[in-house]
Amino acid sequence: MLDNNNGDMNSRKPLIYYVIIAVTILLLLNTFIFPLLLARQVQVVGYSDFLSMIDEGKVSEVSLTQQADQILFVAKNDQGQEELYKTAVFPDEGLITRLQNAGVRFSAEIPTQNNTLLSFVFSWILPILIFVGLGRLLSNQLEKRMGGGMNALSFGKADAKMIVADKETGVTFADVAGEEEAKDALKEIVDFLEHPDKYAGIGAKLPKGALLVGPPGTGKTLLAKAVAGEAKVPFFSISGSEFVEMFVGMGAAKVRDLFKQANEKAPCIVFIDEIDTIGKKRDGAGSIGGNDEREQTLNQLLTEMDGFDGKKGVVILAATNRPESLDPALLRPGRFDRRVPVELPDLQGREAILRVHAKDVKCEDGIDLKEIARATSGASGAELANIINEAALRAVRLGRQSVNQEDLMESVETVIAGYQRKNAVMSEQEKRIVSYHEIGHALVAAMQTHSAPVTKITIIPRTSGALGYTMQVDEGEHYLMSREELLNKIVTLTGGQAAEELIFHSITTGASNDIEKATRLARGMITRYGMGEFGMVALETVNNQYLGGDTSLSCSPAYSEKIDEQVVALVKQAREKADRILRENEAKLHELAAYLMKQETITGEEFMRILNAKPESEAAAEPAAEAEKEA
């Protein structure tokens with residue numbers, strides 16, 4: 001790593017290095033190239049020819065060279081045009097008299113270069129253009145290396161992208177689905193921008209700023225554009241990272257310029273994406289450098305938000321997925337007055353989002369988008385858009401002109417588990433292990449009451465590394481999970497390894513992901529949900545809830561040991577339950593695993609049909625028993 005950094009630094013030469021190269025090139029051009037280009041053509045003639053030209057009256061001007069060994073003279077050629085000639089000097093006492101009689105002018109020196117516009121261009125204009133061109137080139141290169149902040153002409157200028165009102169953003173609330181609560185909260189801002197007098201009459205003031213918070217991909221930027229599109233006002237868009245500069249004070253200057261532009265275009269909307277870049281909490285440690293620049297930028301933003309008049313119709317919208325890291329001064333009333341959650345869509349929201357994106361794709365009749373919405377619980381709007389696009393790409397790959405239901409379901413699996421690894425070859429033994437593993441999950445889930453139904457089981461490897469998976473989809477949307485549901489989920493996760501050990505008397509590495517999920521659920525039950533022996537005590541805090549929800553323990557080491565013991569006991573209890581379920585249904589386990597090995601992929605309906613089918617011996621015994629009863 002160190003060598004790479006040194007190599008990179010060595011490749012970045014100082015500016016003086018390029019200046020020296022430019023000056024050297026110009027000196028060489030001026031010494032060797034320009035004199036050749038500007039020199040007049042001189043023809044050499046004999047002395048007798050020179051005398052003949054004098055007698056014929058063709059010579060108009062003569063002079064001696066600096067070495068006085070040659071005569072330069074101007075004479076007309078056969079076409080009557082003046083040209084420059086030279087000849088050798090001979091002892092000739094009557095030469096001066098002959099020249100005087102012919103009316104020839106004597107000159108101290110005849111210029112050997114063209115004194116024309118071309119000479120001026122080569123001597124002055126061309127060097128200036130070369131210097132300017134090299135300067136621009138070096139400035140652009142340096143600007144790229146320094147992150148775009150070295151252009152002297154753009155110092156203090158905000159690089160906000162503006163969409164003018166007459167062109168609009170091209171986005172309205174009709175293009176945003178699945179976020180009805182957020183749209184309702186922003187419609188009041190639109191109404192104020194359209195009818196400011198209605199609010200001014202009662203003395204109401206529009207909130208100066210609204211903060212859009214939520215996970216990535218939920219449509220925060222799209223909502224901001226929709227507000228501008230509905231209100232038909234100019235829309236300024238800039239990222240928080242564009243305020244961060246190498247030089248202290250430049251970010252603050254950009255903030256001032258942005259608000260100056262906004263006031264000139266009022267009413268308008270200013271959208272700052274990823275505002276946490278400049279809006280982080282100030283630590284007050286007297287830091288210098290990058291942190292000092294960021295804090296100055298934040299201070300300027302706070303001052304500008306206090307200074308502008310909200311009645312003009314300048315609305316500040318900002319988006320972040322780390323609201324907990326923002327400075328409290330930024331969130332107080334009078335700055336970002338409103339906090340608009342843009343959460344992951346629910347079942348109805350996902351279906352609406354799918355319909356919005358499916359409008360631009362040719363789909364077959366009878367497409368059931370609600371089934372896709374049920375299978376994508378927890379998906380963001382961006383992921384749902386990607387699912388529609390993946391389905392369209394699959395239809396093209398298969399040579400069809402429209403998207404069908406199979407394309408959509410396969411695209412769901414592609415987004416969840418990756419593409420199918422069609423060239424991956426598993427041995428028969430590994431295929432048997434994976435089949436029993438996945439049927440173990442499905443069988444344990446089916447034999448429990450508080451568990452989502454199985455919709456698909458496959459043993460086709462995926463690019464994510466999964467050798468197979470079992471898909472469970474709830475019939476409806478659930479916002480709460482009971483203790484029984486969480487326990488049954490852990491039991492289902494342990495069912496794969498339990499099936500391996502029951503059939504093969506050994507376990508493999510295939511359960512690593514199941515173990516992680518089961519451990520995380522069990523720990524959450526004890527430390528966050530109050531479902532353990534500690535009761536309603538928070539022993540764990542969630543960090544960055546919109547960015548993965550990493551957790552950290554907030555308890556003493558003694559409690560940490562007890563937490564680990566309870567987690568182990570809880571998972572062990574779930575594993576024992578999975579073992580018991582599989583032993584009681586071992587015959588079905590063999591039957592289903594054999595069917596899965598043969599088919600490689602089975603649906604939830606096929607799985608339940610085989611599971612609920614009675615054994616052949618019981619099916620044959622039933623008619624006989626009925627006949628005995630009739631007799």
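The structure is a predicted model. In it, helix 16 and helix 17 pack with their axes 7 Å apart, and helix 8 packs through its buried residues against one helix and several strands, including helix 6 and strand 7. Glu410 and Asp276 are both buried.

**Helix 16 and helix 17**

- Helix 16 spans residues 428-446 and helix 17 spans residues 483-504; the angle between them is about 135 degrees.
- Angles over 145 degrees count as roughly antiparallel and those from 65 to 115 as roughly perpendicular; the two helices are therefore oblique to each other.
- The crossing of helix 16 past helix 17 is right-handed.
- On the side of helix 16, the contact is formed by Gln429, Arg432, Ile433, Tyr436, His437, Gly440, His441, Val444 and Ala445.
- On the side of helix 17, the partners are Val491, Thr492, Leu493, Gly495, Gly496, Gln497, Ala499, Glu500, Ile503 and Phe504.
- By class, this contact comprises nine nonpolar, eight polar and two charged residues.

**Helix 8**

- Helix 8 covers residues 220-231, twelve residues in total, and its first and last C-alpha atoms lie 17 Å apart.
- That span is close to the 16 Å expected at 1.5 Å a residue.
- The buried residues of helix 8 are Lys220, Leu223, Ala224, Ala226, Val227, Ala228, Gly229 and Ala231.
- These buried residues pack against helix 6 (180-194), strand 7 (209-213), strand 8 (235-239), strand 9 (268-273) and strand 10 (314-320).
- Lys232 follows helix 8 and has a positive phi, near 55 degrees.

**Glu410**

- Glu410 is located in helix 15, which runs over residues 405-417.
- The relative accessibility of Glu410 is 11%; because buried means under 20%, Glu410 counts as buried.
- Beyond its neighbours within four places in sequence, Glu410 contacts Arg394, Gln420, Lys456 and Arg462.

**Asp276**

- Asp276 sits in the loop that links strand 9 to helix 10 (290-307).
- With a relative accessible area of 7%, Asp276 is buried.
- Asp276 and Pro323 are 47 residues apart along the chain, and their C-alpha atoms are separated by 7.4 Å.
- When residues up to four places away in sequence are not counted, Asp276 touches Thr320, Asn321, Arg322, Ser325 and Leu326.

Key: Residues are numbered from 1 along each chain as its sequence is written. This is a predicted model: local features need pLDDT of at least 70, side-chain atom pairs count only at pLDDT 80 or more; totals for chains, interfaces and linings use all residues. Side-chain values use heavy atoms; hydrogens and water are left out. Axes are lines fitted to C-alpha atoms, for helices over the stretch in contact, and angles run from 0 to 180 degrees between N-to-C directions. Helices (H or I, at least four residues) and strands (E, at least two) are DSSP runs, numbered from the N terminus. Angles under 35 degrees count as roughly parallel, over 145 as roughly antiparallel, 65 to 115 as roughly perpendicular and the rest as oblique. A crossing is left-handed if the near helix is turned anticlockwise from the far one by less than a right angle, and right-handed if clockwise. Contact means heavy atoms within 4.5 Å. Ala, Val, Leu, Ile, Met, Phe, Trp, Tyr, Cys and Pro count as nonpolar, Asp, Glu, Lys and Arg as charged, and the others, Gly among them, as polar. The expected span of a helix is 1.5 Å times one less than its number of residues. Buried means under 20% relative accessible area, exposed over 50%, partly exposed in between (1.4 Å probe, protein chains only).
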